[in-house]
Amino acid sequence: AASRWTGGAATVALILLILGGLASSREGGAARGGGWRPHDPRPADVRPVVDPRSTLTVDGPDRPVAVGAAEEMAHVEAVDAETERWSVLLPAVSADHRVFGKPRGNGKLAGPDQRLGFACHRRAIPRALDEQLSIVGFEPVTTRPEATHHITAFGCDAGAESLPETFFGATCAVWAFAVNDKENEGAGGKKAPCRVMIYAYDKGASGFRTPEGTAVKVGKGTGITHVVYQVHYLVPMEEAVPINPWADSSGIVFEMARGEAHRSRPKSLGVMAAMHTHMQLQTGEAKLPFSYTVGPFRDRLAPDFEAGAGEVTLVAAHLHGHHMLKRYETGLVRGGKREPFGVIPEYRGYGPDQSFHPLPLGVERDVAPVTMGPDDVMYITCTFDTSDASGDWVDYGVAHGAEMCGQILYYHPFVSKAGGDGGARLVRPEPASGEDKDNDLYNVFFNQTDILTEGVEQDMVEGAAHALAGA
């Protein structure tokens, strides 16, 4: 039995794979109690009907919301004098060959998976040029919950204006808006506009509300004035291909604070994410661990450590895998010893486990909160059941039958500022070539391959040994 990986930097095409879901947490965690969702003015009997094959609950608190294609797709609704909800939804796009691939001459769709598709949408953040704002809540909106695998949102600078408002194809699928100009990578080279991840939804997750005193900071002075999000579709295997198009209005409702409501949340949240994009798992194993590390983060998070007096605080985590993942553990390695801060001992695939959960999670700790220093290393261990998988190996990926082992964490302080091009661009420390760099996103880490054995239960030690043998 073995889990294995292949070395080397990921190609640009692999960027699209990081978030088949990168995140998760537990129900009731950091999500807002009672839930909220955008207003649907139509009577209940004319609202869209969720596919009866779906296993998702869409009517409970903090659940994905089924919305109609004709509803207004971008509007601001006041909550009170200083808080509003900004709905950013796809403009009733037809989920056709633009999303799922182009028909060939024989009428069949191109591509390795005819049920896999992508659509992207860009919007300028209201008031972002004039004042600094706090995003305090994220609510996912899905037209077809059973066919929407994830929605990933990016904070972008003014360079995002060069992107179409709604777009498809490779630019959307491989996150080309987050990839620098490779021919001009020097100090004067053209930088991608969207290099900060700010939120991710995976199928069945709850919405996320930032902890008291914290927020994702955008607007004047931050370098984040626009939002781009990608919707990743994965239509159920039971549906016939080619896919029957539908009008899709998936997206995100952002809860925004300004004025005193903004100032009452002084701690700026950032996202750091990890994923092993070369993971392969041998089939036929009921308890197969896969483990890797990322870090240390002294250089990439340098301004954050400086602002935090030598440490950052991890506040929420989305721990992500698909239906074969049965146990998830993550933590820090200090002095050769593992200190877990997030554990889901019985991972249940799509559903509540895909949510952001407050940290620490599933562990007994003497102190909270969870802090991380510049020399700490983060470990991730996923245990899979591949007993029923076909073929010899289960690959990492975003399509049916693929798996993942990765996470998204919210932490503070996060320092972002405007600079360059007259102060219109986002400035952060650049990923260095010596950091096993294979992407241009700030604070997103791929493919560190150290395998941990010290202090691990025996089955994980054996799994690590097998993995090393197959490297």
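**Salt bridges and a sheet, in questions**

Trainee: Let's start with Asp353: does it count as buried or exposed?

Mentor: Keep in mind that this is a predicted model. The cut-off for buried is under 20% relative accessible area. Asp353 has 1% relative accessibility, so it counts as buried.

Trainee: Okay, and which residue forms a salt bridge with Asp353?

Mentor: Look for a side chain of opposite charge, because such side chains can pair when their charged atoms come close. Here the closest N and O atoms are 2.9 Å apart.

Trainee: How many salt bridges does the structure hold?

Mentor: Another joins Glu212 to Arg265, with the closest N and O atoms 3.5 Å apart. For the structure, the count of salt bridges is 16.

Trainee: How many residues apart in sequence are the parts that Glu212 and Arg265 tie together?

Mentor: Glu212 sits in the loop between β10 (208-209) and β11 (214-219). Arg265 sits in the loop between α3 and β15 (267-268). Glu212 is exposed, at a relative accessible area of 67%, whereas Arg265 counts as buried at 7% relative accessibility. The pair ties together parts whose separation in sequence, in residues, is 53.

Trainee: Now the open sheet of 4 strands: which strands stand at its edges?

Mentor: Read off the order, which is β18-β24-β20-β21 with antiparallel pairing. An edge strand has a single partner strand, so one side of it is left without a neighbour in the sheet. Neighbouring strands here are turned by 25° against each other on average, direction ignored. The edge strands are β18 (288-294) and β21 (337-344).

Trainee: What is the bridge partner of Tyr328 in β24?

Mentor: Strands of a sheet pair through backbone hydrogen bonds. Strand β20 (residues 325-334) and strand β24 (residues 377-384) run antiparallel and are joined by 8 bridges. In β24, the partner of Tyr328 is Cys382.

Key:
Residues numbered from 1 in each chain as written. Predicted model: local features only at pLDDT ≥ 70, side-chain atom pairs only at ≥ 80, totals over all residues. Heavy atoms only, no water. Pairing = 2+ DSSP bridges. Helix = DSSP H or I, 4+ residues; strand = E, 2+ residues; numbered from the N terminus. Axes fitted to C-alpha atoms, helices over the stretch in contact; angles between N-to-C directions. Salt bridge = Lys/Arg side-chain N within 4 Å of Asp/Glu carboxyl O. Buried < 20%, exposed > 50% of the residue type's maximum accessible area, 1.4 Å probe, protein only.
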